[in-house]
Amino acid sequence: MSEPMFSATDHLMMARALRLAERGAYTTRPNPMVGCVMVQGEEVVGEGFHARAGEPHAEVFALQAAGERAKGATAYVTLEPCAHVGKTGPCADALIAAGVSRVVAAMRDPFPQVNGAGFEKLQAAGIVVEHGLMEAQARALNRGWLSRIERGRPWLRVKLATSLDGRSAMASGESKWISGEASRLDVHRWRARAGAILTGAGTVLMDDPSLTVRFDDDTAFEQPLRVVLDPGLATIARGHVRDGDAPTLYVHAPDAKPPRGIDAQTAAAPVHEGRFDLAAVLQLLAARNINEVQVEAGATLAGAFLAAGLVDEILLYVAPVLLGDRARPLFDGLHIDEMTQRLHMTIVESRRIGEDVRLLLQPRGEA
């Protein structure tokens, strides 16, 4: 496939498809978010997005909306159309049957059952196929799903709130509330796109969080899995993480025995020198089709993930307050003694949320 030349209209329509795809951010997991726009000339004749696993894909909705006008149209889709039969039929076949003349995809689908097969099927039917338009944006949109498919582990986001002097809690462990109400509401949007919210037993004992998504409007979402890292299952019978409609998984040491009479999901993970093998924990969650994990824990667990090189992004709410030198740091256990050992971060996004500033950071060198 030669390097395509994309027009201004191509960019405009793909941007529209990406915005459509994002509408499935809270409901598509474990599937990727996908949007599709059908265009005749410069006129949009149909569009759609994938909303839920097991339901029609974006291309199907766009084709239904376009009807007869799909014939000879260009289909802009954020991910290579599928060529295999899963819970729904192959989208490549649907596009061929509708008579589209051109397909522009943001990126190839790395899923082994697709991975170029959709493009090949379309080309064999005489359809012009081009891809790579706004690929970086498409990959960023589905970074969790891509992480699970390509790396065998979920995308890991650590959510933290900090004072101006870099403190995450008082010396006693008290942390309610560093950030303002607007930031706390914003966190629910990030929780909703995660497949799992992960914390440690210490946070359950100290803060007793619910770790659920709560919206005041009618936004559609599915509660993420709550994951508690608890080597000895000391918290399995207590706390708000047992409440509500969200499922909870307790990850424990191999020699821990779940108490009788407690109905809870449990899974064992390797422990080395008293600490969980965090990479193995993430592999365990990937096996459960978790695309994104949001860590909401104290400095010890957050620091352990960062020290292990497993943090993909940090969601940091900076509040205009000072907590003093006796308060706890953001991360424990990094053991940085010299300036040459410092960890560099890239600021991906900076935004004002109420009185706070929200930073989205990625460790340099991470995927």
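1. Strands β15 (residues 313-318) and β18 (residues 356-363) run antiparallel and are joined by five bridges; strands are E runs of at least two residues and helices H or I runs of at least four, both from DSSP and numbered from the N terminus. Two strands pair if DSSP finds at least two bridges between them. L316 stands opposite L359 in β18.

2. This is a predicted model, in which local features need pLDDT of at least 70 and side-chain atom pairs count only at pLDDT 80 or more, while totals for chains, interfaces and linings use all residues. Residues are numbered from 1 along each chain as its sequence is written, and side-chain values use heavy atoms, with hydrogens and water left out.

3. An open sheet of nine strands has the order β11-β10-β9-β8-β14-β6-β15-β18-β17, with mixed pairing. β11 (265-268) and β17 (345-353) are at the edges with a single partner strand each, so one side of each has no neighbour in the sheet. On average, neighbouring strands of this sheet are turned by 25° against each other, direction ignored.

4. Helix α7 (residues 181-193) lies across β6, β8, β14, β15, β17 and β18, at about 165° to β15. Angles run from 0 to 180 degrees between N-to-C directions, with axes fitted to C-alpha atoms, for helices over the stretch in contact; contact means heavy atoms within 4.5 Å.

5. Helices α3 (residues 91-98) and α4 (residues 117-124) pack at about 20°, their axes 9 Å apart. The two are therefore roughly parallel (angles under 35 degrees). A92, D93, L95 and I96 of α3 meet G118, K121 and L122 of α4.

Notes
Parallel < 35°, antiparallel > 145°, perpendicular 65-115°, else oblique.
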